Number of protein chains: 2
Amino acid sequence: MSTGSPLRIGVFVFDGAEELDVVGPYDVLSSWALHSPLRPEVLTFSSDGQGVRCAKGLCLVPDTSAHEVGPLHVLVYPGGQGTRALAADTHHLAWVREVRAATPLVASVCTGALVLAAAGLLAGRPATTHWAAFDELVALDPSVLPDDEARFVDDGDVVTSAGVSAGIDMALHLVARLEGVEAARAVRRGIQYDPEPPV
Amino acid sequence: MSTGSPLRIGVFVFDGAEELDVVGPYDVLSSWALHSPLRPEVLTFSSDGQGVRCAKGLCLVPDTSAHEVGPLHVLVYPGGQGTRALAADTHHLAWVREVRAATPLVASVCTGALVLAAAGLLAGRPATTHWAAFDELVALDPSVLPDDEARFVDDGDVVTSAGVSAGIDMALHLVARLEGVEAARAVRRGIQYDPEPPV
């Protein structure tokens, strides 16, 4: 699947991934990819390359499989109910550690942080997750330094975000970090992200 | 596909639909459906029931087809580059008018409003769309009353939203309208929608 782009971004999808955890960052990053001189490439992939049924029932067909996705610069790991099974799957956690070792930047959304914690990636590090999942996070790795106020936590090579919609803010931050603030502002304007929650 | 729910909500998907236009409202409305005593049912459907390739490349497999989706209480019509072809497709516009006549509430996201305008659904009515698409909107129907400041415009049986991410705000408004403000606040808390755009 490689096109030789140095900025290959893989969004991992799985059964029970929360739809907006996947698509918030995907839309931000792929909107950026359309216009950036860095020519980022944004791909979705599942473990086996087959389609997945997300947490609320939406069915996605990914671009490729974990085996075929190739080297990534950024791994985006969404949250959702499906993370509980993955955080208990030793085979999957070994794969997460393997990808992490080869990937400069790993970014979780929401309860994706639970899988990173279970794989040992957050040991002794500051991190965030969905507001209702901090007990689970610390149970998986008591050395994690939970930050329940941040919208996202950038700890260098690992970035974690708060729940669901926070993935949009985190992805805009990734664009600012990978290219610059002006690029991120252009994406924000493109997706008209001037939120006004009505309730 | 009907389960007898009086609150059947159909999210129309099509080639070139903007991913976040689809999934923002879908996640809000299906998060609501999980907990609401009104038992809303949220379905995705495409014209022919086949999978679609969204504007940035994400492939979705909908629940059903336009023929099979059955009576809806709410139609959500996303935007995206694919709306330009649909707004010029007389067969599709006839279907939009037919669905509209049988559906109490039609809600567009972003450039979904272009298709509603082309079908004549916005004649003489206030409406919004993506900030870059107002000229197109008025060209399609000069009688539309464009509102370029609102995050969404609720004109009773037709609701339109501004660009892409505005669909999240609009969907929260729909929850508030269909059940109540507390239900919408619970969804907002569930998806941790306390946006803090970092740029």
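Let me begin with a question: which residue in β4(B) is the bridge partner of A:Leu60? Have a look at the model while you think, and keep in mind that this is a predicted model.

The partner is B:Leu60. β4(A) and β4(B) pair in the antiparallel sense, over three bridges. That pairing sits inside an open sheet of four strands, and if you read across it you get β3(A), β4(A), β4(B), β3(B), with antiparallel pairing. At the edges you find β3 of chain A and β3 of chain B, residues 52-53 in each; they have a single partner strand each, so one side of each is left without a neighbour in the sheet. On the chain B side, β3(B) is joined to β4(B), residues 59-61, by two bridges, and those strands run antiparallel. If you want a pair to click on there, B:Val52 stands opposite B:Leu60.

Now, how are the two chains related? The same surface serves both copies, with 98% of the contact residues of chain A recurring in chain B.

Let's look at that contact. We have 40 residues of chain A in contact with 40 residues of chain B. On the chain A side, the elements giving two or more residues are α1 (19-35), β4 (59-61), α6 (166-178) and α7 (181-190). The one that gives the most is α1(A), with seven residues. Sorted by class, that side of chain A has 22 nonpolar, 10 polar and eight charged residues.

In chain A, α1(A) and α7(A) pack at an angle of about 115 degrees, with their axes 9 Å apart. They are therefore roughly perpendicular to each other, and the crossing is right-handed. From α1(A), the contact uses A:Val28, A:Ser31, A:Trp32 and A:His35, and from α7(A) it uses A:Ala183, A:Ala186, A:Val187 and A:Gly190. Those residues divide into five nonpolar, three polar and no charged.

For the next helix pair, I'll hop over to chain B. There the axes of α1(B), residues 19-35, and α6(B), residues 166-178, come within 8 Å and cross at roughly 25 degrees. That makes α1(B) roughly parallel to α6(B), and this crossing is right-handed. On the α1(B) side, the residues that meet α6(B) include B:Gly24, B:Val28 and B:Trp32. Facing them, the α6(B) residues include B:Gly167, B:Ala171 and B:Val175. By class, this contact has nine nonpolar, two polar and one charged residues.

Strand β2(A), residues 41-46, pairs with β5(A) in the parallel sense over two bridges, and A:Phe45 has A:Thr64 as its bridge partner.

Then go to the other end. β7(A), residues 105-108, is joined to β11(A), residues 158-161, by three bridges, and these strands run parallel. In that pair, A:Ser108 is partnered with A:Thr160. On to β10(A), residues 152-154: three bridges join it to β11(A), this time antiparallel, with A:Phe152 opposite A:Ser161. β10(A) and β11(A) form a hairpin with three residues between them, and A:Gly156 in the turn has a positive phi of about 90 degrees.

That's the tour. Happy to take questions.

Definitions and conventions: Residues are numbered from 1 along each chain as its sequence is written. Chains are lettered from A and ligands numbered from 1 in the order in which they are written. This is a predicted model: local features need pLDDT of at least 70, side-chain atom pairs count only at pLDDT 80 or more; totals for chains, interfaces and linings use all residues. Two strands pair if DSSP finds at least two bridges between them. Two residues are in contact if their C-beta atoms, placed from the backbone, lie within 7 Å. Ala, Val, Leu, Ile, Met, Phe, Trp, Tyr, Cys and Pro count as nonpolar, Asp, Glu, Lys and Arg as charged, and the others, Gly among them, as polar. Axes are lines fitted to C-alpha atoms, for helices over the stretch in contact, and angles run from 0 to 180 degrees between N-to-C directions. Angles under 35 degrees count as roughly parallel, over 145 as roughly antiparallel, 65 to 115 as roughly perpendicular and the rest as oblique. A crossing is left-handed if the near helix is turned anticlockwise from the far one by less than a right angle, and right-handed if clockwise.
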